[in-house]
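Subject: Structure handover, salt bridges

Hello,

Here is the structure for you to look at. My notes on its salt bridges follow below it.

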Amino acid sequence: MLPHTHHLRRGRVSETGRIYLITTVTHGRARLFDDLRLARSTIAHLRHADAQGRSTTLAWVLMPDHLHWLVQLESGSLSRLVAGFKAASARAINHLLHTPGQPRWQTGFHDHALREEEDLPALARYIVANPLRAGLVASVRAYPHWDAVWLPG
């Protein structure tokens, strides 16, 4: 286990219907998602979790080496949702790169359970503006790997 990953699990509670902000990082902070094929494959796995009824994605941005995911938990536990997404997307990445069994995500993830009074559209704008703040693009619209239910793509 990586240092401090056990701290991420302490006190974690999964509540169906609760909205969470999830952040997860690639293994070794590898810039996997500079590769359009890997990015699109990973995005498909976010959508698959929704299609299976496990989650409702409200906003996300896939950065070159990490993911911010604003998601409502619909069934199961938060840990299972994230673990399932990470496992499936890692298998797909390894298939595309012909590198079976390589770790693609760091162990654990950071989560923040949102309070009812938090402004979700403002948080979504903050999430999708990550590429702008990181200096990757001059306009959010120029970055291809984000979406939000409140904002036009």
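Glu15 counts as partly exposed, because its relative accessibility is 36%. The model is a predicted one. Glu15 has a salt-bridge partner in Arg18, with 2.9 Å between the closest N and O atoms. Arg18 has a relative accessibility of 25%, so Arg18 is partly exposed too.

This pair is one of six salt bridges that a search of the whole structure turned up. Two others are described here.

Arg29 and Asp65 form a salt bridge through their side chains, at 3.0 Å from N to O. The two residues are 36 apart and belong to distant parts of the chain: Arg29 sits in the loop between strand E1 (19–25) and helix H2 (36–51), and Asp65 in the loop between strand E2 (55–62) and strand E3 (66–73). Asp65 is at 12% relative accessibility, and buried means under 20%, so Asp65 counts as buried.

Asp147 and Arg47 make another salt bridge, with an N to O distance of 3.8 Å between the side chains. Here, too, distant parts of the chain are linked: Asp147 lies in strand E5 (residues 146–148) and Arg47 in helix H2, 100 residues apart. Asp147 is partly exposed, with 28% relative accessibility. Arg47 is also partly exposed, and its value is 44%.

Regards

Conventions
Residues numbered from 1 in each chain as written. Predicted model: local features only at pLDDT ≥ 70, side-chain atom pairs only at ≥ 80, totals over all residues. Heavy atoms only, no water. Salt bridge = Lys/Arg side-chain N within 4 Å of Asp/Glu carboxyl O. Buried < 20%, exposed > 50% of the residue type's maximum accessible area, 1.4 Å probe, protein only. Helix = DSSP H or I, 4+ residues; strand = E, 2+ residues; numbered from the N terminus.
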